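Trainee: I'd like to learn how to read strand pairing. Could you walk me through it?

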Amino acid sequence: MTSLWLHEAQVPARLRLTPGSRFDTVVIGGGLTGLVTALLLVEHGVEVAVIEGRRVGAGTTGATTGKISLLQGTRAQQIARHHSDDVLRDYVAANREGQEWLLRFCAAHGVAVDRVAALTYAQNDDEMSAVRAEYAATQKAGLPTELLRDLDVPFPAHGAVRLADQAQLDPMALLAALAADVEAHGAPIYESTLVRGVHHGAQGDLVVSTEHGDLGARRVVLATGTPILDRGGFFARLVPQRSYLAAFTLDERIPSDMYISAGSPTRSLRRAEGPDGEFLLVGGNGHVVGRGGSTREKVEDLVHWARTWFPSAEPTHRWSAQDYSPVAELPYVGPLLPGQHEIQLATGYAKWGLTNGVAAAIALAGRLTGAPPRWAGALASWRPDELKALPAVTKTNSAVAQQLSAGWLRVATHHDGVAPAEGCGTVLREGLHPTAVCTVDGVTNRVSAVCPHMYGILNWNDAERTWDCPLHGSRFAADGTLLEGPATSSLTPLQVPRGSQ
């Protein structure tokens, strides 16, 4: 389960953190939002450091499809259902500015970009209503979309809304150029440095606590997918989504444009250049993290779909990405707590991070330097109309509560001492403690099955061989190592109980 982009990427080793250092602003997260925010700030003369828990690109950006589009599936109509026309236009303006900034950066730094059209298409006649609604919403937002009835593609397509002159790229090539530019401006990037928390120090500064020591900062930016600090309760205002991608070699012609279906199951397609030729990328089958059954079956379903409509398709890479959908439909960008500007955050891009992530960085840097863009209110962490989203928040957190109680109830009450088969994992109750047991590459690991964030019982992800939390999307490797927040610590290793074989 390695991304096509990460498989080819050459990632240089970076600095280790020096405890006790102090910076004006510490950016936590080495993905697109974090790096662009850091770059914009250092260009304004701000002293910045970036902290990344793993490696640059190891999170969502390095696993994205690489689409840079203002036509975003059915996002426009979803936003229009809950917000005014002015808010929708501001959202599009924010994404347009993010797109334009990104394309200028790529042109200036030699990052290859492929200019193509984006299409939201109907897989059947029933989905045409969503296509027409997206056309109407994008027209209202000022996008020059067109409505098509016939498409020259081999897969089922009953019409589409199309937006010309969008773009696609290799996201790891982009991140490499951004990281190099950030470092060229004198800002360090500390990798393999897990942040444990942020608190106020004795002198009034913020203290960023990491596994390798503490840093001082006047301000902190959280660019971690979901905020790793629970203040503000953003974990309860986001739905963590996992989706899957596969790359294929083909003998047939690969469609040149970018496609995404208007309904479920989602099918997202694009062409990608590789060192040995072209690939077809097929994505979809998204679900809430830790829920929805076998993840391996979801990946296999994508492969089956590709081979059905492209008979010569041979899979070369399979991987997945994690995104966060905001219950109020718009990204959250701004203060972690209302009126307190020393800790800022950006999250909730709903799978369209290459434009939203840059727009968020522009908004964050603008706020921190005293010149926020005019559309910043559409990407706000706290809005006057937030109460309108209360029913969606209630529904989301009712599902979380059900997962919490169901997880504890389903834990097995016995242990037969037999290690799970290769690639398998199970949760057992040993005494009073739920135990997650799995076997990967011949090694059986035993760790706590309780997520350290809010004590949900983990589920086994059989495609990626990870432990995933069905509450708020924290993920852990087979040995318990933290992969994704909002948890900030790994799972506790456990010993085989006495008397077990």
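Mentor: Strand β9 (residues 206–210) pairs with β10 in the antiparallel sense, over 5 bridges. Strands here are DSSP runs (E, at least two residues), numbered from the N terminus, and two strands pair if DSSP finds at least two bridges between them. This is a predicted model: local features need pLDDT of at least 70, side-chain atom pairs count only at pLDDT 80 or more, and totals for chains, interfaces and linings use all residues. Residues are numbered from 1 along each chain as its sequence is written, and side-chain values use heavy atoms, with hydrogens and water left out.

Trainee: Which residue of β10 is the bridge partner of V207?

Mentor: G216 is the bridge partner of V207, and T210 stands opposite G213. The hairpin that joins β9 to β10 goes through 2 residues.

Trainee: What lies on the two faces of β9?

Mentor: First the general idea: side chains in a regular strand alternate between the two faces of the sheet. In β9, L206, V208 and T210 sit on one side, V207 and S209 on the other, and all are buried. Buried means under 20% relative accessible area, exposed over 50%, and partly exposed in between (1.4 Å probe, protein chains only). With 5 of its 5 residues buried, β9 is therefore largely enclosed by the rest of the structure.

Trainee: Which strands run parallel to β10?

Mentor: Strand β1 (residues 22–28) does, through 6 bridges, with F23 partnered by A217. Strand β17 (residues 340–347) also pairs with β10 in the parallel sense, over 3 bridges; there, V220 has I343 as its partner.

Methods: Helix = DSSP H or I, 4+ residues; strand = E, 2+ residues; numbered from the N terminus.
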